[in-house]
Amino acid sequence: MIVAEQKTLDEVKTLIGEAEKVLVVGCGTCVTVCFAGGAREAAITATSLRMASKLDGAPKNVSDVTVQRQCEWEYLDQIEEQVKEADIVLSLGCGIGVQAMVEHYPDAWVVPGLNTSFLGLPTEQGVWAERCAACGDCVLGLTGGICPIARCSKSLLNGPCGGSEAGHCEINPDVPCAWQLIYDRLSGMDKLHVLLDLQPPKNWQRSRDGGPRKIVREDLRLLSEEEG
Amino acid sequence: MTVEVRGEEKMSSNGYLAGSNLERVLRAGHFAVTGELGPPQSADGEVIREKANLLKGYCDGVNITDNQTAIVRMSSIGAGTIVIQEGLEPVIQMTCRDRNRLAIQADLLGAYALGMRNLLCLTGDHQNFGNHPTAKNVFDIDSLQLVRMVSDMRDECIFQCGDAFKGREPRFFVGAAAAPFADPIDFRPYRLAKKVKAGANFIQTQLVYDIPAFERYMDKVRELGLHEQTFILAGVGPLKSPGMARYMKNNVPGILVPDELIDRMSAASEPWAGKSKDELTSEDKLARTKAWRDEGIKICIELTQQLQEIEGVAGVHIMAIEWEEAVKPIVEGAGLYPRPEV
């Protein structure tokens with residue numbers, strides 16, 4: 001899932017500025033599951049902004065609404081009236097949600113209430129950890145299903161470096177060494193020979209380095225045109 | 001597990017890959033000595049000249065660090081140019097942290113044109129450790145891919161993309177680092193094998209203080225035949241104080257410092273033991289520092305001599321950063337002075 005965390009109230013207040021009618025828009029998908037931008041957080045954020053603006057001596061009219069998926073335009077149709085009435089929209093979606101709002105409602109001023117952090121999973125109650133860097137060229141088949149691009153601090157393809165100690169990365173004792181995990185897993189499955197191959201330089205063109213990415217599926221496009 | 005070796009290295013007409021002094025000393029069978037020179041955190045070339053002159057005559061080549069510990073310093077190639085002017089041979093360190101494959105290749109073409117012939121390929125310390133922790137890192141390629149890239153530039157006359165050079169190829173004597181005691185420790189000889197497979201002509205190891213542990217590593221290295229395919233220079237460094245020894249033991253990944261050596265360092269300051277900070281005069285402190293440093297140099301000499309006895313160790317790499325004065329007594333004390341003229 002996409003994991004995000006809330007911006008501080010101070011930063012949100014700065015982003016909202018003088019706007020009086022504020023619409024907080026939550027998202028019912030990833031950011032709900034990571035407790036950053038779901039219906040509950042949207043309601044709390046709206047209440048906080050109402051209270052804070054009252055204390056600041058300029059009470060704002062803050063309401064909230066949550067859509068099932070902010071990153072798909074069709075789900076945004078249902079909030080058209082509320083968006084049009086608002087001076088400003090505070091999106092509690094991920095960065096994709098914010099941009100979907102902007103693209104769908106070009107006349108609305110939309111600001112982000114979250115910092116989109118990473119693609120990851122919950123490892124225990126209240127803890128999320130990064131698992132994928134969306135590099136566009138998956139290497140998990142070479143590394144026992146543990147991603148060195150996302151989980152090694154240096155994204156090494158031929159790790160481990162000399163900074164691996166007692167299972168953790170030299171940058172922080174709380175960060176497991178991805179290459180120790182890879183080594184342990186391949187060792188346990190009697191597949192260590194996989195690590196002896198020299199992995200060539202990665203093609204980063206398929207990652208963000210190749211410019212903004214887009215996937216076009218002609219099979220699906222043609223099908224929808226025929227149907228249409 | 002076995003590791004296949006890389007294809008042929010193509011010697012120049014002079015019989016060497018690069019023909020650097022370091023390569024010639026090693027190929028002639030001498031026990032090599034390399035040193036280390038950390039460029040200043042300034043644009044002051046005089047610092048390089050002073051340090052170079054402390055090392056000149058005592059090393060076959062001197063590593064010039066590349067933004068070591070991710071702290072901005074004068075560039076390795078810039079400082080290396082000054083080192084050459086001072087009559088000493090540099091080993092350029094190149095990390096993958098700050099440059100992508102375009103920048104690395106471009107800088108190496110320039111380094112070769114400026115007369116540099118030795119290159120140490122490193123991944124690089126993470127920028128979190130340094131003075132620009134908010135920087136974006138690169139890590140486009142890793143140290144093994146860097147070794148292969150520069151070896152292919154020399155032997156196949158191609159850039160990383162596969163395009164051929166239009167003109168002279170850079171011919172470096174290509175080195176890599178090894179961390180014999182880092183985790184997972186059982187994999188370390190195989191990782192060295194991968195570096196040899198990638199094309200590493202010489203290896204400089206992390207600091208060795210635990211000789212029996214290093215002997216176990218070298219047993220495996222010899223079993224894999226790696227000592228016959230690359231020149232292995234064991235890392236040594238003089239301890240400055242018992243505190244430094246303890247810090248390295250407890251805080252630096254991949255360094256094993258036996259308690260016996262820490263005890264020896266502590267024993268060196270016995271005359272001042274039991275005195276609080278306030279009781280020590282500045283003369284006391286100076287004398288204690290000297291006693292520690294003398295013992296540190298003595299230990300370093302002993303380690304160097306013990307390493308010379310291990311089959312497959314082709315030299316030592318002395319790391320005495322910010323204490324370049326120590327190199328002379330270590331090299332002399334270990335009976336490695338004068339350095340061979342090849």
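Two strands count as paired if DSSP finds at least two bridges between them. In this predicted model, strand S9 of chain A, residues 168-169, meets that criterion with S10(A): the two pair in the antiparallel sense over two bridges. Within this pairing, A:His168 stands opposite A:Pro176 of S10(A).

The pair belongs to an open sheet of three strands in chain A, ordered S8-S9-S10, with antiparallel pairing. Strand S8 (164-165) and strand S10 (172-176) of chain A each have a single partner strand and stand at the edges, so one side of each is left without a neighbour in the sheet.

On the scale of the whole chain, the domain assignment divides chain A into domain 1 (2-118) and domain 2 (136-210). The centres of these two domains of chain A, taken over C-alpha atoms, are separated by 37 Å.

The nonpolar cores come next. The largest one comprises 116 residues, and B:Cys121, B:Val150 and B:Val327 have the most contacts inside it. Helix H10 of chain B (residues 282-308) gives the most to this core, contributing seven residues. A second, separate core has 35 residues, among them A:Ile16, A:Ala36, A:Ala86 and A:Cys94.

Leaving aside residues up to four places away in sequence, B:Cys121 touches B:Met94, B:Ser143, B:Leu146, B:Val147, B:Val150, B:Val174, B:Gly175 and B:Ala176. One of these partners, B:Val150, is itself among the residues with the most contacts in the largest core.

As for confidence, chain B has a mean pLDDT of 96, with 98% of its residues at 70 or more. For the complex, the predictor gives an ipTM of 0.93 and a pTM of 0.95. Where pLDDT is low, the predicted coordinates should not be read in detail.

Conventions: Residues numbered from 1 in each chain as written. Chains lettered and ligands numbered in written order. Predicted model: local features only at pLDDT ≥ 70, side-chain atom pairs only at ≥ 80, totals over all residues. pLDDT = per-residue confidence, 0-100. Domains from an automatic or database assignment. Core = buried A, V, L, I, M, F, W, Y, C linked by C-beta atoms within 7 Å. Buried ≥ 20, exposed ≤ 12 C-beta atoms within 10 Å, placed from the backbone. Helix = DSSP H or I, 4+ residues; strand = E, 2+ residues; numbered from the N terminus. Contact = placed C-beta atoms within 7 Å.
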